[in-house]
Amino acid sequence: GMGEIGIGMASISHSPVGTSASEFLRSSSNGVNGIPLRTLGRARFGSTTRRDLVVAAKLRKVKKQDHPWPDDPDPNVKGGVLTHLSYFKPLPEDQKPKPVTLEFEKRLLSLEKKITDALKDLYTHLTPIQRVSIARHPNRPTFLDHVFSITEKFVELHGDRSGYNDPAIVTGIGTIDGRRYMFMGHQKGRNTKENISRNFGMPTPHGYRKALRMMHYADHHGFPIITFIDTPGAYADLKSEELGQGEAIAHNLRTMFGLKVPIVSIVIGEGGSGGALAIGCANKLIMLENAVFYVASPEAAASILWKNSKAAPQAAEKLRITATELLKLQIADGVVPEPLGGAHADPSWTSQQIKYAINESMDELMKMDTEELLKHRMHKFRKIGMFQEGLPVDSKKKVNMKMKEEPIVRTSSLNIEDEVKKLMQQILNAKESSVELPESALNDMIEKLEREVDREYSEAVKAIGLKDRLVMLREEFSKIKLQDQLVPPALMDKIEKLKDEFAQGVSAAPNYETLKSRLDMLMELSKIKIDSANEKKYARLKQQVNKKYVEIMNRPDMKEKNKALEDEIESSGVSSGQDLGPELKEKIVQRKKEIELEMVDAIKALGLDVAAVRPKAKEISEQIPIDVKAKEKELNEEIKGEIENVIKSTDLKEKIEVLKLEVAKAGKTPNVASKNRIAALEQQIKGGLVEAMNSSNLKEKHEELQAEVSKTKIQKKTNLWKTKIQKKKILRMTSKE
């Protein structure tokens, strides 16, 4: 602070302004301006009498500095203890900025919501075989990924002290929240090179003996053990068997039941047979949501039970290998949730969930003494598959002595019917007020009903005993589709037979009424959507075609030709269409064809295909006499009957079915090969029909009827031209008058 310096005299004082006391005293060698204070006093006052010098300093109050250093600094803070010196601290949860959506980003919100809803629906109803696929995902985080994410320090320990270090099993010491643990687990690779070096996570006897050495080490020093399981199984090559693979696994099983420290096992991927159990005899077995734990892989079980590995989906369902199933059977003690899309979608978040599960389990196990801990581990495995004879069997367990599966959670029929009724009312109001339909709500409801119908179909197929056959046919069809081949007739017959059996037996399914109700609602809403799209399309096309027609008719050359033909008809002086000569009639027909050709070219320029030029139904009705209509109807019936007979008596029916499947397989964007196959099949079908029709007398009947209809149309057109000319005459006479 600033201060004042005064010399203790009765009437004289010296006060340098604007200088601090410390600066004043340090300004020179213990004096002011190079003069000692004692000399200064003598010179100024002319006295040699010694006087005392008094220095007084007055400090003003200043604002207290706001230092960032806290009263109780955390030495283990992330980034080191010196991070406390920074004013830039992480914001508390209630002060964090809220997400902001910019104006041009709002249209993406609906897409993000749909994607999220689809993911939620997909990952809520995963089948066991789908969970197996997720557990084997190549991008799924590995043992070391999780360890480095949840530990503050980790040191890997190598070797089995017998001459080899198996990279398929990793061991080491690490800390979580200050606690030391012994970590060991199966390690898969993150790419092909790593997978080869890690042997795809399949340990040899050296790996299990390395884990055994670390178990004894942890037991000696009192480190709790955490194991991570992620292996298809122990490596079963000849050398591993010669080195004692079975003995190494058995030794680990026996040793783990005698360890005096807590053991927690985490299944992060797939746990295959004894290879997983060799480090899995723990007090607590915790599984990730999409992890699996099995005695044999679904493919191996299918090969044994059904002599076909393609039945793996059915085997996965029967084996009960998922986390939720094993939790019900009390084999697993907990399930760690995964993010949408699996652990690989957010590895860091998954690791933190594993960390919470480890801390919670260890807090519980660390309270037990040694004897209680060993009994806890023994009873966990002894109670698996245990039941007591002589007691009445619960009605829920009478079928194969197993709990019935939990029913699938379905949307309430009343709720979905109310939603559909509300949407239908909105659509009706939109039509009455001539506004656009609520397309977004309509599409969402259709997607929801499609999911519900698919689920009900699956339940119905399962209820009437056709699920296994359906799975097999789907696999055969998928294989043929992948190979880009035509569907063989034998497979088509199987599909048709299954469809017929389902159609006959679906009414006996317990959920038949629900399925029928939701299917009717889906068809009704789908029809509304298609009609709305067609109306918009037709309105747009009609507007474009009318615009083209006006442009064509207003062209100078077209006006000139029409005027010349009108003048020629007027100058002929005839009173009716029948009086026109053959030459004039031919000119009228030719002019009509020219206009039609111009319109066809214009329509093709719009990207449309003109199959034929047909007059409107009303004009046809006016132009064609009743007797000609009867002949036409009779001929159409004959043609229809002949086509049906041809299809039944030849191989055209099979070709038509193959064409349908090809079109369905090709989808909306067929490739070149699919287009060529579809075109070839269409050509074969058309050729077969034309050949059959030419062999009958229908062609002659059709030509005769066509000639009669053409004659009637020419007469009607001539009358129309004549009427138009007469109207023009009347208008000219009226204008002259």
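Which residue's side chain does Lys462 meet in a salt bridge? In this predicted model, the partner of Lys462 is Glu317, with an N to O distance of 3.7 Å.

**Figure 1. Salt bridge between Lys462 and Glu317.** Lys462 belongs to helix H17 (residues 439-463) and Glu317 to helix H12 (residues 312-319), so this pair ties together parts that are 145 residues apart in sequence. Lys462 is partly exposed, its relative accessible area being 36%. Glu317 is likewise partly exposed, with a relative accessible area of 27%.

**Figure 2. Salt bridge between Glu317 and Lys467.** The side chains of Glu317 and Lys467 meet at 3.3 Å, N to O. Because Glu317 is part of helix H12 and Lys467 is part of helix H18 (residues 467-482), the contact ties together parts that are 150 residues apart in sequence. For Lys467, a relative accessible area of 30% corresponds to a partly exposed residue.

**Figure 3. Salt bridge between Lys448 and Glu419.** Here the N to O distance is 3.1 Å. Lys448 is located in helix H17 and Glu419 in helix H16 (residues 413-432), so the pair ties together parts that are 29 residues apart in sequence. Lys448 is partly exposed at a relative accessible area of 22%, and Glu419 is also partly exposed, at 33% relative accessibility.

**Figure 4. Network of salt bridges involving Asp121 and Arg518.** Salt bridges link Asp121, Arg451, Glu452, Arg455, Glu456 and Arg518 in a network. Across the whole structure, the search finds 32 salt bridges.

Definitions and conventions. Residues are numbered from 1 along each chain as its sequence is written. This is a predicted model: local features need pLDDT of at least 70, side-chain atom pairs count only at pLDDT 80 or more; totals for chains, interfaces and linings use all residues. Side-chain values use heavy atoms; hydrogens and water are left out. A salt bridge is a side-chain nitrogen of Lys or Arg within 4 Å of a carboxyl oxygen of Asp or Glu. Helices (H or I, at least four residues) and strands (E, at least two) are DSSP runs, numbered from the N terminus. Buried means under 20% relative accessible area, exposed over 50%, partly exposed in between (1.4 Å probe, protein chains only).
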